[in-house]
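I opened my notebook on this predicted model today.

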Amino acid sequence: MSTRPLLTMIAAAGHNNALGKNNDLIWHISDDLKRFKRLTSGHAIIMGRKTFESMPKALPNRKNIVLTKKKNYQPEGAIVVHSLETAMALVKDDPQPFIIGGGEIYRLFMPLCDRIELTRVHESFDADVYFPDIDTKSWKEVAREDISATNDQPYNYSYITYEKQ
Ligand SMILES: NC(=O)c1ccc[n+]([C@@H]2O[C@H](COP(=O)([O-])OP(=O)(O)OC[C@H]3O[C@@H](n4cnc5c(N)ncnc54)[C@H](OP(=O)(O)O)[C@@H]3O)[C@@H](O)[C@H]2O)c1
């Protein structure tokens, strides 16, 4: 008997939900990137074409699934799909597939997701892509770890886990 995958969005967003600008990330928090790698390694990751193109290459040790409407798009190291349904069919045997962004893809998949692993950076940033609002009627905070700024990185931030009620 197969169990339903725990579909998880993973994102880092500013206080004002800022996610990115000019198809790039806004801040660099190396511990957060390490956590992203630790949580997602070995799993399928679903992303939009713009997020895929913002990275130097496909992320290793993960099944990279890229959503696009472009019919002849075939980048190295990724499986290209043209619909949410096809993406979901490709992850049905993964116990915890991840939605890794960006803004359009978070919005598209949010209604289907069971968990959000959010790194909330406690600053507002100028951005052109934003994380969707988390409706507290349907999402409950179940875990939180607060991290203080240091000499190496200037932001206070929190790792917050939400689960769909
Ligand atoms: N802070 C974070 O955690 C985080 C994480 C990821 C990304 N980001 C940032 O987010 C930004 C990118 O986000 P974005 O919203 O601009 O783009 P995106 O969500 O990465 O990709 C959007 C693209 O996905 C494809 N797409 C969307 N809906 C689709 C559908 N229903 N069917 C098929 N394809 C579909 C389209 O590709 P085509 O145009 O090819 O058809 C669309 O242009 C960058 O700045 C990146 O750095 C931040």
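**Ligand shell.** I began with the make-up of the shell around the ligand: its residues divide into eleven nonpolar, eleven polar and six charged. Which residues come nearest to the ligand? Of the 28 around it, I noted Gly20, Gly48, Gly101, Gly102 and Gly103. I then checked which elements give two or more residues to this shell, and found strand E1 (8-14), E2, strand E3 (44-48), H2 and H4.

**Peptide bonds.** Glycine 101 and glycine 102 are joined by a cis peptide bond, with omega about 0°. I made a note of this since most peptide bonds are trans. Where does glycine 102 sit? I found it in the loop between strand E6 (98-99) and helix H4 (103-109).

**Phi angles.** Asparagine 22 has a positive phi of about 50°. I placed asparagine 22 in the loop between strand E2 (18-20) and helix H1 (30-40). Is asparagine 22 buried or exposed? With 9 other C-beta atoms within 10 Å, asparagine 22 is exposed, because 12 or fewer counts as exposed.

My other entry here is asparagine 61, which has a positive phi of about 60° without being a glycine. The loop between helix H2 (49-54) and strand E4 (63-67) holds asparagine 61.

How values were computed:
Residues are numbered from 1 along each chain as its sequence is written. This is a predicted model: local features need pLDDT of at least 70, side-chain atom pairs count only at pLDDT 80 or more; totals for chains, interfaces and linings use all residues. Helices (H or I, at least four residues) and strands (E, at least two) are DSSP runs, numbered from the N terminus. A residue is buried if 20 or more other C-beta atoms lie within 10 Å of its own, exposed if 12 or fewer, and partly exposed in between; C-beta atoms are placed from the backbone. A residue is near a molecule or strand if its C-beta atom, placed from the backbone, lies within 6 Å of it. Ala, Val, Leu, Ile, Met, Phe, Trp, Tyr, Cys and Pro count as nonpolar, Asp, Glu, Lys and Arg as charged, and the others, Gly among them, as polar.
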